[in-house]
Amino acid sequence: MRLFSGEIYKNRRDQLKKQITGGQILIFGNNEAPMNYKANTYRFRQDSNFLYYFGINMPGLVGLIDPGSDRDLIFGHELTLDDIIWEGPVEPLSSLAEKVGISLTLPLDKLPETLRKAGVHYLPPYRGDRQIYIRETLGIQIPPSVALIRAVVAQRSVKAPEELAEMAQAVNITRDMHLAAMRATRPGRKEYEVVAEILKTLKSHNAELSYPVIFSVNGQTLHNHYHGNEMQAGRLLLNDSGAENEMGYAGDITRTFPVSGRFTTRQKEIYEIVLKMETASIAALRPGVAYRQVHLDANRILLEGLSALGLVSGDLDTLVQEGVGGLFMPHGLGHSIGLDVHDMEDLGEQYVGYREGLERSTQLGLKSLRLAKELETGNVLTVEPGCYFIPELIQKYRSEGIFTQYVNYTRLEDYLDFGGIRIEDNVAITADSFKILGDPIPKTVAEVEKIMTEY
Ligand SMILES: [Mn+2]
């Protein structure tokens, strides 16, 4: 198990203690999750808050941080002979705890009596077994702590240099997956044959997926997990896939490319619009910039491009304000990323991506913007504009007479078989600018066509 130094975990807990005064802080690790019966489990994924403060990637642990004392604790069980027979002689919990700066571990059944239930702080549980444990076993009746949520979000939102290095590594593994996919795609193959190459590359780095692979000729479906189509020349392929490295940090990258290796004129026209949205959005990033504004500016570039193609018309400011861009990009420009691919979504997007005075819109597109607030140094986020032609959405808007004064629905008929394009990179906010994480991944028309026709 790879860990940061014990000092790093101790400093993180000490920083949290300064924010929370009075009451103990409980950080729950995850348990194994049964797939079809108890002993046959899904891949174990540790809780990200536990990983952040306690590092140990093992099921069945609870961390206790006591702001009134120097001593933090981990509750869990030491391996029995039976465990060793089945699972092998892994490192004892007490020794792992030592490595993350914890000198005392106790059996999990000692937790109820150690706890002062009155002022306990805990984070919102997202698994059913954990909710039951908190309520029934620990007898905690108070809700999750908003003060703790705010403190954890503030801390985890600013990535330290050692975290940025892990994230760049996750992106570089992801990069290899994307290069393999571009090289393996050709007309006549099935999507799942290329997905197999993606997974082979992932596993060769001892990494895991940070979310299920989206790899489809139907890129207009935003989260398409079906991989059974035959890839045909003339279609576009959208690949949104990412690696989670050994330390739990996520990559989240999207590239779109032609199955044949060469863009058609029509594909190139739309691709260049999305590429301009992506590069211009990234170039605008720096501390203090509100990501909501970057999202709106990307929409303006989209509408400007579609206007040049005669698909929309009208005053650009009005088009942006009316939300016409949502018809073509019904999602937000990006989200925070870190130990979670949507970082800290378990704690509530209103705390991670919004702030007081910044309300979430109800407009199609803008309502799905997960990160709207002002950026600060150390934030890491995705920039992932897209342009999609979703036949069901276009037909519904047309039949209901929505945006008829702005959208040329007759011309749009030619695009109903187009699919969708998304281009996504992971970007860190530096002291005065930005840095795209990882090595460059083919992105311009020329770069994409080159790698796809090299082999
Ligand atoms: Mn993403």
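**A walk through the helices, sheets and domains**

Helices α10 and α11 cross in the right-handed sense. Keep in mind that this is a predicted model. Helix α10 covers residues 265-283, and helix α11 covers residues 291-308. The two pack at an angle of about 155 degrees. Their axes lie 9 Å apart. How do the two helices run relative to each other? Angles over 145 degrees count as roughly antiparallel, so α10 is roughly antiparallel to α11.

Which residues make this contact? From α10 come I270, I273, K276, M277, A280 and S281. From α11 come V294, A298, I301, L302, E304, G305 and L306. Sorted by class, the residues of this contact are 9 nonpolar, 2 polar and 2 charged.

Now step back to the whole chain. The protein chain is divided into two parts, with domain 1 spanning 6-157 and domain 2 spanning 161-453. How far apart are their centres? Taken over C-alpha atoms, the centres of domain 1 and domain 2 are separated by 35 Å. The domains also touch: 20 residues of domain 1 are in contact with 19 residues of domain 2.

Domain 1 runs from residue 6 to residue 157. Helix α1 takes up residues 6-19, and helix α7 takes up residues 146-157. The axes of these two helices come within 10 Å. They cross at roughly 140 degrees. Angles over 145 degrees would count as roughly antiparallel, and 65 to 115 as roughly perpendicular; α1 and α7 are therefore oblique to each other. Their crossing is right-handed. On the α1 side, the contact is made by R12, Q15, L16 and Q19. On the α7 side, L148, A151, V152 and Q155 take part. The contact of α1 with α7 has 4 nonpolar, 3 polar and 1 charged residues.

Helix α8 covers residues 161-184. The axes of α8 and α9 come within 8 Å and cross at roughly 150 degrees. That makes α8 roughly antiparallel to α9. Is the crossing left-handed or right-handed? Helix α8 passes α9 in a right-handed crossing. Here α8 supplies D176, M177, A180, A181 and A184, while α9 supplies V194, E197, I198, T201 and L202. By class, the contact of α8 with α9 has 7 nonpolar, 1 polar and 2 charged residues.

Follow α9 to a sheet. Helix α9 consists of residues 191-204 and lies across β9 and β10. It runs at about 145 degrees to β9. The sheet is open and has 3 strands, in the order β9-β10-β12, with antiparallel pairing. At its edges are β9 (214-216) and β12 (253-258), each pairing on one side only. On average, and ignoring direction, neighbouring strands of this sheet are turned by 10 degrees against each other. Strand β10 covers residues 236-241. How many bridges join β9 to β10? There are 3, and the two strands run antiparallel.

Look next at the loop between β9 and β10, where R235 is found. What does R235 touch beyond its neighbours within four places in sequence? Its contacts there are V217, N218, F257, P258, V259, Q267, D417, F418 and G419. A further landmark is Y388, which lies 153 residues from R235 along the chain. The C-alpha atoms of R235 and Y388 are separated by 13 Å.

End with another open sheet. It has 3 strands in the order β13-β16-β17, and the pairing is antiparallel. The edges are held by β13 (380-383) and β17 (434-436). Each has a single partner strand, so one side of each is left without a neighbour in the sheet. Neighbouring strands here are turned by 35 degrees against each other on average, direction ignored. Strand β16 comprises residues 425-429 and pairs with β17 in the antiparallel sense over 3 bridges. Which residue does I429 face in β17? It stands opposite F434.

Definitions and conventions:
Residues numbered from 1 in each chain as written. Predicted model: local features only at pLDDT ≥ 70, side-chain atom pairs only at ≥ 80, totals over all residues. Heavy atoms only, no water. Axes fitted to C-alpha atoms, helices over the stretch in contact; angles between N-to-C directions. Helix = DSSP H or I, 4+ residues; strand = E, 2+ residues; numbered from the N terminus. Parallel < 35°, antiparallel > 145°, perpendicular 65-115°, else oblique. Left-handed = near helix turned anticlockwise from the far one by under 90°. Contact = heavy atoms within 4.5 Å. Nonpolar A, V, L, I, M, F, W, Y, C, P; charged D, E, K, R; others polar. Pairing = 2+ DSSP bridges. Domains from an automatic or database assignment.
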